[in-house]
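Morning, everyone. Please bring up the structure, and we'll walk through it together.

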Amino acid sequence: MLRTLLTGALRGVCRVPPVASLVHQTQRACFGQLMTTVQKPSLLSAHTLTPASLKLLQLPALGAAGSPPHVRSVTKFSLIKGKRKTVKAVLKRFKRLDWGAWIRTHSGRQKKLFKKSNALRRRLRQHVFTNASQSWLLDKMVTNFWRRPKHYVDDPYAPYHKRDEYFATKSKQFKV
């Protein structure tokens, strides 16, 4: 927060026409309190700040429009009911199978198909499993409702909802 204010003040000061007294007064007003809280006053005083010496502060650059980078995360608690929210981008891009795995399509599968060979087009039509850490992260990003098995009419993923060859996901067989 402090750095964004500092970069905004720097941009505002640097765009002002070069009137020396106005620039120095603005710098003293903006950075006088900042330097006493951020760094020791003996190392860098507010009176010695010039545009050339401000480059030495090495402020980190922000995003394209001066905003912080995008972050997709879970809203921990909603403001109205106080419950966790689902990240909608997960539901758009991934499908959860009944045994806990998440699948997705290849990225860029519909782009520049004229350049791709037939074998590559066939591979791009197939789905890909996420690994264990990705599946764990996606499970945290959705609520319990989306983790429960869903039953749809004519589900194209119906054969993939069972995984009987692995002991941990094997369905129980009843003996008669």
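Start with Ser78, which is buried, because its relative accessible area is 13%. Buried means under 20%, exposed over 50%, partly exposed in between, with a 1.4 Å probe and protein chains only. This is a predicted model: local features need pLDDT of at least 70, side-chain atom pairs count only at pLDDT 80 or more, and totals for chains, interfaces and linings use all residues. Residues are numbered from 1 along each chain as its sequence is written, and side-chain values use heavy atoms, leaving out hydrogens and water.

Where does Ser78 sit? In the loop between α3 (51-54) and α4 (88-93). Helices (H or I, at least four residues) and strands (E, at least two) are DSSP runs, numbered from the N terminus. Leaving aside residues up to four places away in sequence, Ser78 touches Lys83 and Lys85. Contact here means heavy atoms within 4.5 Å.

Now helix α6, residues 132-141. Its buried residues are Ser135, Leu138, Asp139 and Met141. Down the axis of α6, they fall within an arc of 160°, so they line one face of the helix. That arc is taken from the directions from the helix axis to the C-beta atoms. On the face turned away from the buried side, α6 carries exposed Ala132 and Trp136. What covers the buried residues of α6? The cover includes α4, β1 (95-96), β2 (102-105) and α7 (144-147).

That's my tour. Thanks.
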